[in-house]
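Trainee: Could you walk me through reading salt bridges and a ligand site?
Mentor: Gladly; let us take it one feature at a time.

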Amino acid sequence: MPQPRTIIEKVWDAHVVKEEPGAPTLIYIDLHLVHEVTSPQAFEGLRERGLKVRRPDLTFGTTDHSTPTTPRSLPIADPVARTQVEQFEKNCREFGIPHFGFHSDGQGIVHVIGPENGLTQPGMTVVCGDSHTATHGAFGALAFGIGTSQVEHVLATQCLLQRKPKAYKVEVTGRLKPGVTAKDIILALIAKIGVGGGTGCVFEYCGPAIRALSMEERMTVCNMSIEAGARAGLIAPDETTFEYLHGRRFAPKGADWDAAVERWKKLPTDEGAAYDKQTSIDADALEPMITYGTNPGMGIPITAPVPSPEEVGDLLERDSLKKALEYMALEPGRPLLGRPIDVVFIGSCTNSRMADLRAAAEVLKGRKVAPNVRCLVVPGSQPIKRQAEAEGLDRIFKDAGAEWREAGCSMCIAMNGDQLNPGQYAVSTSNRNFEGRQGKGGRTFLASPLTAAAAAVAGKIADPRELL
Amino acid sequence: MKKFETFSSRLVPLPVDNIDTDQIIPARFLKTISKAGLGDQLFYDWRYDAEGNPKPDFILNQPRAKGAAILLAGDNFGCGSSREHAPWALTQFGFRAVISTSFADIFKGNALKNSLLPIEVPAEIHAELFQKVDENPDYEVTVDLARQKLVLAGGREVHFDVDPFAKQCMLEGIDEIGWILKHEDDIRAYEAAHPAPINTLAG
Ligand code: SF4
């Protein structure tokens, strides 16, 4: 009998091009996504070496990071960003890479457009010069972020040198309670194992609470794998996956579809396969989560008090917590509930899909954004924007006093002009609360779309369960 | 890539855990389409005040950082984004090695590809180094990649692990891409045996 394998090993094994003693494994990449920020120096490298893009048919590009979310009729105001976006479109044209440019009706965040167009499929290897590439793992793909040198490697050879990752099983038991979401699962995991807890590993999320999630929710979970240090996180495909993919633009059609589904059904981890590490989360016990500090591992249930540095044994760790609380200007030992905020950001590759917008709209419907709060709602892609408008969600947001913007990364990374002012507090559905991530001096609380919308209405940090 | 040679240097201590890539090089500097100028933006928001003047109390602005080639940082250095701008900024500033107890995966890979050596040391050595530089800002260590040793003052040696392939590339000054390109036949054989699951040019 063959050795039982995890889905991670199955996908890995199927992509080995060459194994040589003394070198990492050469693996093949099925899908390479590119965007304007981490690719220019890679294209420049190709030019310097006189190389072509080996497989433009396995490559796809979009503009998102430094792309403004103001009306598309306006030019890109920031000349540096404009040059970057124009250079990206030029590079894609020169090297024959299909892409959604700034004015394309398909444009959107790279991790949103891949799945939306059926580019991401089970069993694939997917890479992108972006650490949240783990998002695509929701489909049972081995998907991870790479640096610009590696972007160049993949453009030129469609291959990467990689060491085989360890397999880390994350079992989520039980069932989520109303008001508790996929975002809360992943924030709870990162709080539990820390921002370095998954280093060197790929997560496989499993268990009944994961099976019960929609594809959009699964993407939210996988998206933040990197925030626990894991380069990738994936979920074995099932009927939910197939149903989502069926009929999408780049998904297989007809007999090819049936054959693909048969292949995909063989991907889930074999009974008895061994993992290098494991942990579990009890969904029944979860509350809405929120971060208080300056890394995504500094998270607590929304009703809990902010931890005190005095309670931390390790010296450096204590100093780091102290430094984080100083930056956030928060008092230890007190709950975050009721703390006034300035901005609410609903968007990013973590939470900008239809389910997220619908959840936010459910809270905002018939209510008003508090007068002290600026609330931005930024759809993940142009198709999502159109769909939301067809459902009337844009009206709900605008009537509530929120801004309804064009698609892009926006205030998740604050490269495009959407940013916090120094000292401002934001509740954000994005994935990073690092110092200055959402604008120099800005302070971020990470939470779910429900919690973010509740904060927008209350003007302060609030428990979304009270508004449902 | 230049060959990585044994060198001795003072240490620049930055005793903060989980230093993320947004601190190393803030995102607003990633709008560039080249690699130039990133060294001046290294740790920008910790290094300069609101008017863009250097903050005298930040370590990189102090004389002891001048010419130093080793950063001594807290645990889990380089977490966060995949931006290779982080090692580009560090090397442009003059760093050739970073010492920590652990590094984030993507950062480590990116650093090695840019001849910036991430040196992982045990917690006791890590604490000892911080103490040593605290007592003596001119405290020096030697980095010997070929032997995988950190040589402390007085000659005591601390072993560190490094991926053998990355080590070879750094010592010989070879780019990985050259190595991959030599495997054209293997790549072609793989492609012949594995039909592509998608075609982004169709659809
Ligand atoms: S939305 Fe944020 S995390 Fe996602 S790709 Fe854009 S910048 Fe990166």
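Trainee: Is A:Glu44 buried, exposed or partly exposed?

Mentor: Buried means under 20% relative accessible area, exposed over 50%, and partly exposed in between (1.4 Å probe, protein chains only). A:Glu44 has 35% relative accessibility, so this residue counts as partly exposed. Before we go on, a word on the basis: this is a predicted model, where local features need pLDDT of at least 70 and side-chain atom pairs count only at pLDDT 80 or more, while totals for chains, interfaces and linings use all residues. Residues are numbered from 1 along each chain as its sequence is written, chains are lettered from A and ligands numbered from 1 in the order in which they are written, and side-chain values use heavy atoms, leaving out hydrogens and water.

Trainee: Which side chain does A:Glu44 meet in a salt bridge?

Mentor: Side chains of opposite charge can pair when their charged atoms come close. The rule for a salt bridge is a side-chain nitrogen of Lys or Arg within 4 Å of a carboxyl oxygen of Asp or Glu. Here A:Glu44 pairs with A:Arg47 at 2.9 Å, N to O. Both lie in helix 2 (residues 40-49) of chain A, 3 residues apart, about one turn of the helix; helices (H or I, at least four residues) and strands (E, at least two) are DSSP runs, numbered from the N terminus. A:Arg47 is partly exposed too, at 28%.

Trainee: What parts of chain A does the pair A:Glu435 and A:Lys323 tie together?

Mentor: The closest N and O atoms of this salt bridge are 3.0 Å apart. A:Glu435 lies in the loop between strand 18 (425-428) and strand 19 (443-446), and A:Lys323 in helix 11 (residues 315-328), so the pair ties together parts 112 residues apart in sequence. A:Glu435 is buried at 12%, whereas A:Lys323 is partly exposed at 28%.

Trainee: How many salt bridges are there over all chains?

Mentor: The count comes to 40.

Trainee: Now the ligand: where does it sit?

Mentor: A cavity is a set of points, on a 1 Å grid over the protein atoms alone, where a 1.4 Å probe fits but cannot get out. A molecule sits in one if more than half of its atoms lie within 2 Å of its grid points. This ligand sits in the largest cavity.

Methods. 1 Å grid on protein atoms, 1.4 Å probe; cavity = no way out; pocket = protein on both sides within 12 Å on 5 of 7 lines; lining within 4 Å.
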